[in-house]
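Good morning, and thank you for coming. Please look at the sequence and the structure, and I will then take you through them.

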Amino acid sequence: MQFGFREKPQTVFVPAGGGDDIVDFGRFSGPNRRRLSGPALRTFLNIAELWGLTEEQRRLVLGYPSRSTYHHWAKLAREQQPFTLDLDALLRVSAVFGIHQALGVLFADAAEGVRWLKGPHMAPLFGGQPPLALVTSGTQDGLMAVRRFLDAARGGLYMPPNGLDAAFTPYEDSDIVIR
């Protein structure tokens with residue numbers, strides 16, 4: 001052995017719990033996507049309405065399906081008819097759910113979260129543009145970047161505390177009582 005490397009690389013990945021697969025590929029199956037598609041799209045349409053997205057922006061977030069496809073999906077979702085979104089569209093909708101959830105945690109009301117989405121932001125990721133511009137850029141990367149940013153903000157990075165947390169006084173060691 002040289003430099004601490006194995007002479008023969010390991011050829012088979014063995015997950016840390018001894019299981020056969022790390023990913024349950026069944027969750028990507030047609031029947032499972034069909035089960036999720038209607039509720040996911042209905043929820044997406046409600047969030048898009050709350051955010052004030054135009055039809056064009058909604059289509060960009062969904063991966064830019066044709067107008068007729070978008071309206072067909074929306075009609076089927078509203079009527080609770082079965083249809084199946086492709087994996088890309090479901091992943092994009094999932095990112096929107098994560099963004100929406102994070103905004104709900106970070107801001108006292110939905111309107112405040114929408115203002116944040118639509119207002120200019122000086123974080124390097126946004127370069128002075130509104131985060132919504134990245135969300136509606138048409139890329140999964142844009143959606144995921146905003147989601148990761150907000151998830152980090154939920155953990156205390158990047159953003160000042162919200163109104164509820166701004167007045168929070170940290171606990172002192174003497175405040176902790178163990179009985």
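Tyr64 is partly exposed, at 41% relative accessibility; that term covers values between the two limits, buried being under 20% relative accessible area and exposed over 50%, with a 1.4 Å probe and protein chains only. Tyr64 sits in the loop between α2 and α3. Its phi is near 60°, a positive value in a residue other than glycine. Most residues other than glycine have a negative phi.

Before I continue, please note that this is a predicted model, in which local features need pLDDT of at least 70, side-chain atom pairs count only at pLDDT 80 or more, and totals for chains, interfaces and linings use all residues. Residues are numbered from 1 along each chain as its sequence is written, and side-chain values use heavy atoms, with hydrogens and water left out.

Gln80 also has a positive phi, near 55°, and is a residue other than glycine. Gln80 belongs to the loop between α3 and α4, and it is exposed, with a relative accessible area of 59%.

Let me turn to the overall fold. The protein has eight helices and zero strands; helices here are DSSP runs of H or I with at least four residues, strands are runs of E with at least two, and both are numbered from the N terminus. Of the 179 residues, 33% count as buried. The accessible surface comes to about 11,800 Å², and 56% of it belongs to carbon and sulfur atoms; the areas come from the Shrake-Rupley method with a 1.4 Å probe.

Which residues touch the most other members of the largest nonpolar core? They are Leu41, Phe44, Trp51, Val135 and Leu150, in a core of 39 residues. A nonpolar core is a set of buried Ala, Val, Leu, Ile, Met, Phe, Trp, Tyr and Cys residues joined through side-chain atoms within 4.5 Å. Helices α1, α3, α4, α5, α6 and α7 each supply at least two residues of this core, and the largest share, nine residues, comes from α4. Leaving aside neighbours within four places in sequence, Leu41 is in contact (heavy atoms within 4.5 Å) with Leu62, Trp73, Ala74, Ala77, Phe83 and Leu85.

How do α1 and α4 meet? Their axes come within 10 Å and cross at roughly 45°, and the two helices are therefore oblique to each other. Among the residues that make the contact are Phe44 and Trp51 of α1 and Val93 and Phe97 of α4.

Two arginines deserve a look. Beyond neighbours within four places in sequence, Arg92 is in contact with residues including Leu60, Gly63, Gly138 and Leu143. The C-alpha atoms of Arg92 and Asp141 are separated by 9.6 Å, although these residues lie 49 apart along the chain.

Arg58, in helix α2 (residues 55-61), is buried as well, with a relative accessible area of 12%. Leaving aside neighbours within four places in sequence, Arg58 is in contact with Phe44, Leu45, Ala48, Glu49, Leu53 and Tyr70.

Definitions and conventions. Axes fitted to C-alpha atoms, helices over the stretch in contact; angles between N-to-C directions. Parallel < 35°, antiparallel > 145°, perpendicular 65-115°, else oblique.
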